[in-house]
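Hi,

Here is the structure I promised to pass on. My notes on it follow below.

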Amino acid sequence: MNKARLLSTALSFMLSLSACGGSSGGGGSPPPPPPPPPAPITTAEAFQFLNQTTFGATLEEAQSVIDMRYEAWIDQEMSKNASLQLPHLRSLPRPQFLGELHSDRVDIWFRNSVDGFDQLRQRVAFALSEILVVSQQGALINAPYGVADYYDKLALFAFGNYRELMEVVTLHPAMGVYLSMLGNEKPNPALSIRPDENYARELMQLFSIGLVELNIDGTVRTDGMGQAIPTYDQSVIEGFAHVFTGWNYAGAPSFPQAFQNDNNQTVPMQLYPDFHDTGAKTLLNGFMIPAGQTGDQDLQMALDNIFNHPNVGPFIATRLIHRLVTSNPSPGYVARVATVFNNNGFGERGDLGAVVKAILLDPEARPAMHMEIDGKVKEPLLRLTQLWRAYDATSQSGVYPLAPAYIIFGQGPLQASHVFNFFSPFYSPPGEIRNSGLVAPELQIATEYQNTFVTNYFFLLTFDWNSEKANPGEDEVLIDIADEIAIADDTDALIDLVADKLLAGDISPTLRAEMVNMIDQVRVALPGNNAALAAEAIYFVVTSPEFAYQL
Amino acid sequence: MKKINRREFVKRSGAAAAVGAAFAHYPGMAFSQGMGTTAPFGDYRALVCLFLHGGNDSYNMIVPRSNAEYNVYAASRQNMAIAQQDLLPINPLTPDGADYGLHPSMSGVQTLFEQGRAAFVNNIGPLVEPTTKTDFFNKSVLLPPQLFSHNDQQDQWHSLKGATVSSTGWAGRIADLIRDRVAGQLLATNVSLHGSSLYQAADETIAYVMGSNGPIPFTGFSSSGDPADLFYQQRLAFERVLDATYDTVYERGFAEIQKRAVASVDLVNDALALAPTLNTVFPQSDLGNQMRTVAQLIAVKDELQMERQVFLVEKGGFDSHDDQLLNQPDLLADVSDSVKAFYDALVEIGMADSVTTFTQSDFGRTMTSNGDGTDHAWGGNQFVVGDAVMGQELYGLFPDLALNSDDDVGGGRFIPTTSADQYAATLARWFGVDPVDLPSVAPNINNFAVQDLGFLV
């Protein structure tokens with residue numbers, strides 16, 4: 001497979017060379033013929049692209065991609081405004097126990113993800129929410145407004161600048177509470193109180209540079225002894241911990257009187273200068289912040305210090321490629337994306353829009369030939385949203401009642417059990433994946449237990465929550481199986497239709513054969529029950545390994 | 001679920017044996033460097049690892065109570081200190097000169113300790129070799145990488161691999177070492193009730209993951225064996241889809257997990273249906289549920305033909321940077337009550353001498369306060385429970401809790417005086433690992449003079 005990868009890379013390299021040659025033609029030679037028009041995008045290719053860029057490919061959206069081609073489709077998506085969560089939560093009556101609003105927060109996440117017109121923006125926001133993690137589980141249980149607003153910020157900055165996003169995240173009270181920078185005060189040696197190191201540590205380890213120095217292609221740099229080089233030590237963490245002192249909820253009479261209310265959980269934290277440490281601080285790579293600065297000056301210099309670390313490009317490139325395209329990008333792919341992070345072509349560092357575009361238009365995301373390590377395991381939540389998007393699922397109330405998503409799927413919107421997300425970017429399951437030195441992060445939550453939960457949920461969603469249900473509950477999200485029922489007398493046609501909607505028609509012979517087998521048995525056992533035939537077909541696809549795979 | 005009687009079960013589990021054996025025995029070469037015996041153990045032992053996720057502030061779990069030592073503790077801890085009069089007294093059989101007490105919410109563990117059923121192992125943590133403060137600052141010894149970082153120190157406790165990147169955990173390596181001796185087991189040696197973990201990852205054997213209340217059955221499948229049963233046919237068709245050839249590593253990896261899920265769920269649930277009703281009342285908590293399920297699985301060990309089992313249970317929320325005094329009491333109460341209930345349930349089913357429960361956690365926490373919580377540190381205190389435990393004792397040296405003491409590398413972060421390798425080796429030896437194989441369980445054990453801490457019979 002390395003040979004195939006090499007071949008694919010070489011091909012794209014030659015293609016780019018010939019493109020250069022074309023534009024530099026001149027002199028006495030005749031102008032070269034215009035390049036041939038690009039081959040039409042197939043439905044399968046459009047599905048691959050849409051499963052990287054949306055919450056699930058649909059035939060309708062695939063036609064848009066085919067008509068517009070990739071880059072124009074991306075440009076159009078990037079010009080769309082963000083669908084937001086907070087305005088919805090603010091429009092609802094305030095419950096006595098504010099934490100109950102997390103159900104509505106998850107509901108609006110599903111509305112925006114399944115039905116939102118700004119699909120690429122929402123998909124990138126979801127990816128960012130698995131890197132810059134806060135969670136309703138823990139100290140934010142009573143801050144649903146804050147958590148919703150935090151997600152909105154990720155959507156608003158999905159194509160913005162990473163340095164600006166770092167600052168928004170750092171000063172957001174949801175992050176302030178989650179990683180305890182909010183209320184962090186300067187040292188008080190008499191009481192052996194020193195600054196809280198939580199945010200300082202995780203900002204570097206998880207949100208920006210990681211633990212060890214990286215080459216631009218994401219591989220680990222080593223010293224002369226072949227050892228990885230740590231990016232920082234405990235003294236650097238303490239330096240940043242001192243930087244992040246003095247911040248608390250905005251608008252309070254004083255630092256000790258700053259308590260959460262319904263409004264301040266969505267307002268950036270405010271500096272209370274008396275509680276900020278004004279001493280000098282040593283940061284990354286020996287950079288010194290001088291004594292006597294304001295808290296905001298310290299913060300700006302500290303965020304610049306991290307943002308300009310050479311690791312940020314390959315670090316963020318790898319994390320976003322993992323979420324959108326593949327678990328095992330080649331070093332060349334990471335390097336190409338990291339290079340765009342470092343400079344978007346107009347001298348700007350950290351342009352996430354340019355980074356996302358580079359990820360999606362890279363030859364490795366759009367390969368001419370497929371290899372067995374291309375793609376990734378689909379996130380389980382995306383298996384659900386893809387089904388619902390492909391089958392126009394709605395409830396009578398419009399609600400998606402998935403508050404316990406993290407229990408059913410092992411993941412849910414801002415519902416991780418800790419800042420390390422639902423799964424580790426380094427997770428490698430036993431067997432051939434680990435033996436080959438590859439990773440498959442999503443398989444960390446695909447345990448025997450969790451997979452069974454998901455399989456059972458799909459059984460409910462297909463056989464019970466469908467448009468044929470008599471007297472459905474008003475929050476039951478029903479898939480529309482009218483098309484399938486209409487043609488269910490023909491087993492092959494039924495399978496073709498379901499395979500077209502969910503797999504771009506690319507169904508394996510085994511899956512098709514087993515669907516024929518089961519549909520014919522159901523036809524005999526339950527004569528005239530076309531809904532059961534349709535459900536059977538959909539159920540078999542959505543629980544199959546090929547649907548669990550994102551090409 | 002349909003209940004089945006014991007005779008029916010034995011009949012059915014004959015058919016299931018092939019499946020169970022297939023995943024107790026992942027194909028591969030024999031691993032043991034020991035005597036190479038393949039004889040069954042002929043008895044039953046289980047290790048139950050209770051992982052306290054996030055870094056338990058264990059210097060508030062066991063605290064010096066005598067005046068001189070308490071005053072040192074209080075001076076370092078300041079507003080994070082537990083009041084002296086609130087500590088639950090314990091009376092070690094071999095005192096170290098100080099008196100100790102437990103966190104006020106840990107009466108269950110206090111009772112077990114005073115009855116000789118529990119012991120503490122103090123100031124323990126990952127080490128590559130014995131380390132002094134001078135060694136630490138002169139970098140004259142090898143250290144575990146990324147000290148004070150959550151996931152890295154969890155990995156250290158799980159893998160014990162020091163600076164070597166590891167894809168296996170010490171429980172996983174134990175399962176590999178004994179796999180020929182437990183060939184008859186219907187279920188994998190390693191069972192997790194809280195997700196997949198490096199702790200149980202192995203080269204040859206694969207851990208089985210269930211939920212807090214055991215495996216959940218597949219709604220859409222039956223195992224009736226009746227060809228006219230659509231749900232049975234559905235299960236067969238589903239299994240054939242999983243058995244197909246797939247082009248990518250991801251589909252194959254996913255299918256493997258699904259295959260194990262389908263293959264084992266009925267086996268385990270049918271066995272659990274035979275478990276006696278426990279009179280012991282467990283806490284109404286996720287940890288309580290996990291420990292109750294483990295007790296039930298141990299109760300049906302004969303049905304599953306188990307001789308050796310390692311269970312992983314876990315409780316999160318210990319990363320107390322904030323509101324520590326508010327949150328720690330409930331966390332430790334749940335730990336203490338769940339462990340006590342689990343012990344009582346084992347007594348009820350007559351298995352208390354065959355099961356050893358022990359805690360692990362990312363790290364201890366700083367003695368100093370960050371205002372309303374504590375930060376990541378290194379050495380911490382753990383406890384072990386069971387009738388095989390030489391209880392009512394403190395093992396390992398309690399550190400000098402004074403800030404900047406010889407144990408402190410800054411802010412009240414203590415260099416462990418006992419290594420996690422010594423802890424693992426002690427547990428593994430009791431479990432039945434051949435002594436010559438202990439270095440493959442605990443790779444740094446030969447760097448320490450004492451290889452068995454002596455807390456198990």
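**Sheet in chain B, helix pair in chain A**

In chain B, β3(B) and strand β4 (residues 100-102) run antiparallel and are joined by three bridges. Strands here are DSSP E runs of at least two residues and helices are H or I runs of at least four, numbered from the N terminus; two strands pair if DSSP finds at least two bridges between them. Across from B:Leu102 in β4(B) you'll find B:Leu88.

This is a predicted model, where local features need pLDDT of at least 70 and side-chain atom pairs pLDDT 80 or more, while totals for chains, interfaces and linings use all residues. Residues are numbered from 1 along each chain as its sequence is written, with chains lettered from A and ligands numbered from 1 in the order written.

The sheet is open, with three strands in the order β2-β4-β3 (chain B) and antiparallel pairing. Its edge strands, each pairing on one side only, are β2 (62-64) and β3 (88-90) of chain B.

Over in chain A, helix α4 (residues 70-78) packs against helix α16 (residues 352-361) at about 150 degrees, axes 11 Å apart. Axes are lines fitted to C-alpha atoms, for helices over the stretch in contact, and angles run from 0 to 180 degrees between N-to-C directions. α4(A) and α16(A) are therefore roughly antiparallel (over 145 degrees; under 35 is roughly parallel, 65 to 115 roughly perpendicular, the rest oblique).

Who touches whom? A:Tyr70, A:Glu71, A:Ile74 and A:Met78 in α4(A) meet A:Gly353, A:Lys357, A:Leu360 and A:Leu361 in α16(A) (contact: C-beta atoms, placed from the backbone, within 7 Å).

Cheers

Terms used
Contact = placed C-beta atoms within 7 Å.
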